[in-house]
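Open the viewer and follow along.

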Amino acid sequence: MKALEDKILKEGQVYPGNVLKVGSFLNHQIDVPFMCECAKEFYSLFKDAGVNKVLTIEASGIAIAALTAQYFECPLVFAKKSKTSNIADNVYSSAVKSFTHNCVNQVMVEKAYLNPGDKVLVIDDFLAHGEALRGLFDLIDQAGAEVVGAGILIEKAFQNGGTPLRSQGYRIESLARVASMDADSGTVTFVE
């Protein structure tokens, strides 16, 4: 999506450690009209997949996933990274390594919200190493539901997380695919 690539070039900042900061429109402050355009693009890509649930992981994926669910007229479910007192014990759970936070989270979804026969579209803000997607796909499998695909705003293709998942047959559509980043020059290049 050219508009997303342009926004990344204009507003994104490259930090050491292959970190792309897009806080001005996605991770800290949300440009809602622009995110609506991205959500429409996800709807266009997956409108014939029979989606009846959208799934993401807290927290940065929730905004784009909620907007996408609105276009599909279906519920948004998000996996929580920690158990709180208002979560039932009856959950699907999967370990997800976070490279950004340098920890492993046991993400969970209450069983009442993912059901056998659901056709689930995963939406997330970033794809780098693929750990979050693997964990979300695992939750969907545990529920006996079907993964119809994943919509990703920004894929750091050079970190290769999408390749093994695509080779396993998962449909992954990324609106912007970063080929390389350089913190010294602040440059970002995209996959052609």
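## Helix α5

Which residues in α5 are buried? They are Ala132, Leu133, Gly135, Leu136, Phe137, Leu139, Ile140 and Ala143, where buried means under 20% relative accessible area, exposed over 50%, and partly exposed in between (1.4 Å probe, protein chains only). Helices (H or I, at least four residues) and strands (E, at least two) are DSSP runs, numbered from the N terminus. An α-helix has 3.6 residues a turn, so residues three or four places apart point the same way.

The length of α5 (residues 131–143) also checks out: its 13 residues should span 18 Å at 1.5 Å a residue, and the end C-alpha atoms are 19 Å apart, which agrees. That expected span is 1.5 Å times one less than the number of residues. Just after α5, glycine 144 has a positive phi of about 75°.

## About the model

This is a predicted model, in which local features need pLDDT of at least 70 and side-chain atom pairs count only at pLDDT 80 or more, while totals for chains, interfaces and linings use all residues. Residues are numbered from 1 along each chain as its sequence is written, and side-chain values use heavy atoms, leaving out hydrogens and water.

## Two nonpolar cores

A nonpolar core is a set of buried Ala, Val, Leu, Ile, Met, Phe, Trp, Tyr and Cys residues joined through side-chain atoms within 4.5 Å. The largest one has 35 residues, and Leu4, Ile8, Leu20, Met35, Leu153 and Ile154 touch the most other members. Elements that each supply at least two residues include α1 (2–11), β7 (119–127) and β9 (172–182). Helix α3 gives the most, with seven residues.

Take isoleucine 8 as a guide: leaving aside residues up to four places away in sequence, it touches Leu20, Phe25, Ile154, Ala176, Val188 and Phe190, with contact meaning heavy atoms within 4.5 Å. A second, separate core of 25 residues includes Ile57, Ala79, Ala132 and Ile152.

## Backbone spots to check

Most residues other than glycine have a negative phi, and most peptide bonds are trans. Glutamate 73, in the loop between α4 and β4 (76–79), has a positive phi near 55°; this residue is exposed, with a relative accessible area of 73%. Asparagine 160, in the loop between β8 (146–156) and α6 (162–167), has a positive phi of about 65° and is partly exposed at 43%.

The peptide bond from glutamate 58 to alanine 59 is cis, with omega near 10°. Alanine 59 sits in the loop between β3 (53–57) and α4 (62–72).
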